[in-house]
Protein chains: 2
Amino acid sequence: MEANMKPVGSSLESCLRFEVAGEQVGWISPKVASVLGRFPSVFRPYGSAVTFCSSLDSFENRSVAVDEVLQELREEGSFSCLIGWRDEQYAVMPRYCDPPLMFMERAATSLFGVKRYGVHVNGYTRDSGGNLNMWLARRSLTKQTYPGRLDNMAAGGLAAGCSVRHTMVKECEEEACIPPGLAEQALPVGTVSYTYEDDEGIFPECQFVFDLELPLNFQPHIGDGEVQAFYYYPIEKVKDLLVSEEFKPNCAMVVLDFLIRHAIIEPDSEPYYHEFVAGLHRSL
Amino acid sequence: MEANMKPVGSSLESCLRFEVAGEQVGWISPKVASVLGRFPSVFRPYGSAVTFCSSLDSFENRSVAVDEVLQELREEGSFSCLIGWRDEQYAVMPRYCDPPLMFMERAATSLFGVKRYGVHVNGYTRDSGGNLNMWLARRSLTKQTYPGRLDNMAAGGLAAGCSVRHTMVKECEEEACIPPGLAEQALPVGTVSYTYEDDEGIFPECQFVFDLELPLNFQPHIGDGEVQAFYYYPIEKVKDLLVSEEFKPNCAMVVLDFLIRHAIIEPDSEPYYHEFVAGLHRSL
């Protein structure tokens, strides 16, 4: 069994750290760094890092200066990710617990390899014999990313100012029609973190993971159209699906974490047990 | 709340990688590296790594050559860790899942920063209202390391050729007089990994973690004398103890992992939530 996630490869090793106020907040590819080099009044190289010019010393003026650069790049059409401009300000901080150092348009975060946070929910049941079944979602064919792939029962990104629990309850209701009173019973059980890259940039992500034990007679229903179907599988079938290419990769990681925490995978029969656990918790 | 673990600091950054057959298997401090430099027929520098001379190209001859060096250093009395020579061959491999590349006397592993593996068991109860209590051990005052500190209910190192589950059952019986039939019910729930340093060397460790739910009327008893007392505490009291200096640091990490997996610590009320999870899973 493999975690099925595009690993942090040599490409990231050639990237420059993106530092703000002396702290790393992301990764910048050589290609993006050379474009940012056209704006010497905003960015400057600093060893193996890109940082702000010293005049840009506050949350406000960093946010404004980056917005001006991004608007120009968006008009040029240099980067495909900027076509998806959302007018949504994303808070940039070194760690989740730190105060934000600047705002940045959400669609641009992959250019700067800024860490993004979200919530994933494992929906499962346990019968009187202790047997586990899990609810999985199949993503709509109209989704921009990973259409038609398997997903966790509910998931979504954290918006600035929203609590983790609030986001979890909202996504359960919107995506799977789970009543808030039931979703509130979900237990936070840790995080899964990783970095992947694609043509649109670098994506370091951290997902807050919840386990929601559902009544045996409960069924999730399609909500906002991000899901085309829900499946209800015995946990051994879910384990088999993990080694297929069916899953969206980060959702496979959330399921793998569930299988380990619930002792479905055991260290003596799975030689990569510790490698799996370590692989679920990569840092920036 | 802090993980209470001596962090990987600037000292490790100044260390050299210990590489065998092109793969990193440990860390060597500059002080140890300069001593190993006296044996140019065995070790050679290789960039920011120390590795074997190319003639030492097999499991056998690497193991023999290192043993000769270690016997000489032991007679000299250069390193305090070698006073504790155990005549126990430890298998050295890049990852737990890899075949061993050499044997090394166990007492010497901290000189080479070779990763060690063990088992820790959380003993707990859950009453009909869902309230958790946890069993903790206080280490004997005669223990060489961390005498008198709080520990998990049972724990111990993995010996070559022993399975993880076998080691868990053995330690439960020896340290806490838990009958094998009960210990067998423990569930493997992941790993906790970290690196610490002290005067005796560098200790990268990986602990396989088990949760053992005990009957409400069960009591562990002192077994082989490594424990002086067992305590039975409500989980909130255990949480409070974590921020004290009472715990052996790696045992505190195992408890922190338990508190996160059982939703005793929640992401919206603990700003360092993700930092805690990431900190429990450091790689070599």
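The model is predicted: local features need pLDDT of at least 70, side-chain atom pairs count only at pLDDT 80 or more, and totals for chains, interfaces and linings use all residues. Residues are numbered from 1 along each chain as its sequence is written, chains are lettered from A and ligands numbered from 1 in the order in which they are written, and side-chain values use heavy atoms, with hydrogens and water left out.

View 1. A salt bridge is a side-chain nitrogen of Lys or Arg within 4 Å of a carboxyl oxygen of Asp or Glu. Over all chains, the structure holds 28 of them. The pair shown here links distant parts of the chain, 18 residues apart: A:Arg106 lies in the loop between strand E6 (102-105) and helix H4 (109-112) of chain A, and A:Glu88 in the loop between helix H3 (59-76) and strand E5 (89-92). Helices (H or I, at least four residues) and strands (E, at least two) are DSSP runs, numbered from the N terminus.

**View 2. Contact between chain B and chain A.** Each chain gives 31 residues to the contact, defined by heavy atoms within 4.5 Å. About 2700 Å² is buried between the chains, 60% of it on carbon and sulfur atoms; buried area is the accessible area (1.4 Å probe) that two parts lose on being put together, summed over both. On the chain B side, B:Pro188, B:Asp268 and B:His274 lose the most area to chain A, together 21% of what that side buries.

View 3. Between chain B and chain A the count is two salt bridges. Helix H5 (164-176), strand E11 (187-198), strand E12 (201-213), helix H8 (249-261) and helix H9 (273-279) of chain B each supply at least two residues of the side that touches chain A. E11(B) gives the most, with six residues.

**View 4. Open sheet of four strands in chain B.** The order is E2-E1-E4-E3, with mixed pairing; two strands pair if DSSP finds at least two bridges between them. Strand E2 (23-28) and strand E3 (43-46) stand at the edges with a single partner strand each, so one side of each is left without a neighbour in the sheet. E3(B) and strand E4 (residues 49-52) run antiparallel and are joined by four bridges. B:Phe43 has B:Phe52 in E4(B) as its bridge partner.
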